[in-house]
Amino acid sequence: MSKNFNKFKTRFIPSILFLIVFIIFFQIEKFQDFLIVNLVAQLSVFLFAACIPAFLTKRMSYVDIAWPFGLISIGIIALFFGEGYMPRKIIISSLYLIAGLRMGLGALVLLKKGYLDKELPRYQFQRIRWKKKGFTNNRISIQFEILLQCFANITFLAIPAILISNNSHENFSIFEIIGFVLWIVFFVLEHIADIQKQAFLINAKKNKLKNQVCDVGLWSYTRHPNYFSEWMIWNSLIIASFFSLTFYQNEMIIFIGFLVSLLYMSFLMYQTLVFLTGAVPSEYYSLIKRPGYKKYQENTNMFFPKLFK
């Protein structure tokens, strides 16, 4: 009985959180069109790009196509359904579009090259995680996990776009300036980390070196500079959202709901990028494949950069 309750709790609580956030935001009349259009857009994108392919192939990896194209949808919706200051709408829309296109086009390249013909390691790892928690029906678990990412795009991950695109104030605040600048900085750092990793792998292959550990450049400061930078990209959007949040101070329940949702978004992305589909799954297989990875773990922080050695 206790085991079944824990299984129910594991999947019920995240689902109910998404519903609560959606209801809170739906109380604001000018957000309603944005929310409804985004709901339909995300369900459509995930249904055709991930749910159906996953059902047919029993592979979850297609979510890597759906999620970034879901971000692209948010960017487009922010531009056309936000009721705020046009320059602000253009900026927040562009940030979602750029982030989504970078990852989405990368996923399509992987698809074209045949990398999605088998399950990606991070999604193979999910089966280990599900088994430990007592979930034995992988087909149901795959669809549930895909829909969780869909619901994240419908709710938490759309919050910065909703708030900022509906802010009609004609001056940018210091929070927005800092947030947008940090977004650019960490977007560039994430791209640099990916380039450094790719260059390392190409060089290792050229020199016929197998199972090498990438510990150069940004990878010498943290074992996952790409994931850390991605997390900071979302934190940057949270910072940029604080100014738009202040306009709801007189509606205390709504204000607190927005604030808690923004802070939870940071926690949600941290959990995802470290434990669910990021660092932990990656290191599980790196320890198996790469003899030098244990030493790399001992000398380099997993997530937060160690700036002073």
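Which residues make the nonpolar surface patch of about 590 Å²? The views below start there. This is a predicted model, with local features needing pLDDT of at least 70 and side-chain atom pairs counting only at pLDDT 80 or more, while totals for chains, interfaces and linings use all residues. Residues are numbered from 1 along each chain as its sequence is written, and side-chain values use heavy atoms, leaving out hydrogens and water.

**View 1. A nonpolar surface patch that includes I174.** The patch is made by F172, I174, F175, I177, I178, V181 and V185. Patch members have over 30% relative accessible area and no salt bridge, and nonpolar side chains (Val, Leu, Ile, Met, Phe, Trp, Tyr) are joined within 5 Å. I174 belongs to helix 8 (residues 174-206); helices are DSSP runs of H or I, at least four residues, numbered from the N terminus. With a relative accessible area of 54%, I174 is exposed (exposed means over 50%, buried under 20%, with a 1.4 Å probe and protein chains only).

**View 2. Positive phi at K58 and K208.** Most residues other than glycine have a negative phi. Here, K58 has a phi near 65° and sits in the loop between helix 2 (32-57) and helix 3 (63-81). K208 has a phi of about 55°, in the loop between helix 8 and helix 9 (225-245). K208 is exposed, at 76% relative accessible area.

**View 3. C51 and C150, two cysteines in no disulfide.** The structure holds zero disulfides (pairs of cysteine sulfur atoms within 2.5 Å). For C51, the nearest cysteine sulfur is that of C150, 7.0 Å away. C51 is buried at 9% relative accessibility, and C150 is buried at 0%.

Methods:
Patches are made of residues with over 30% relative accessible area and no salt bridge: like charges are joined within 9 Å, nonpolar side chains (Val, Leu, Ile, Met, Phe, Trp, Tyr) within 5 Å. Accessible areas come from the Shrake-Rupley method with a 1.4 Å probe; for residues, only the protein chains shown count as cover. A salt bridge is a side-chain nitrogen of Lys or Arg within 4 Å of a carboxyl oxygen of Asp or Glu. Helices (H or I, at least four residues) and strands (E, at least two) are DSSP runs, numbered from the N terminus.
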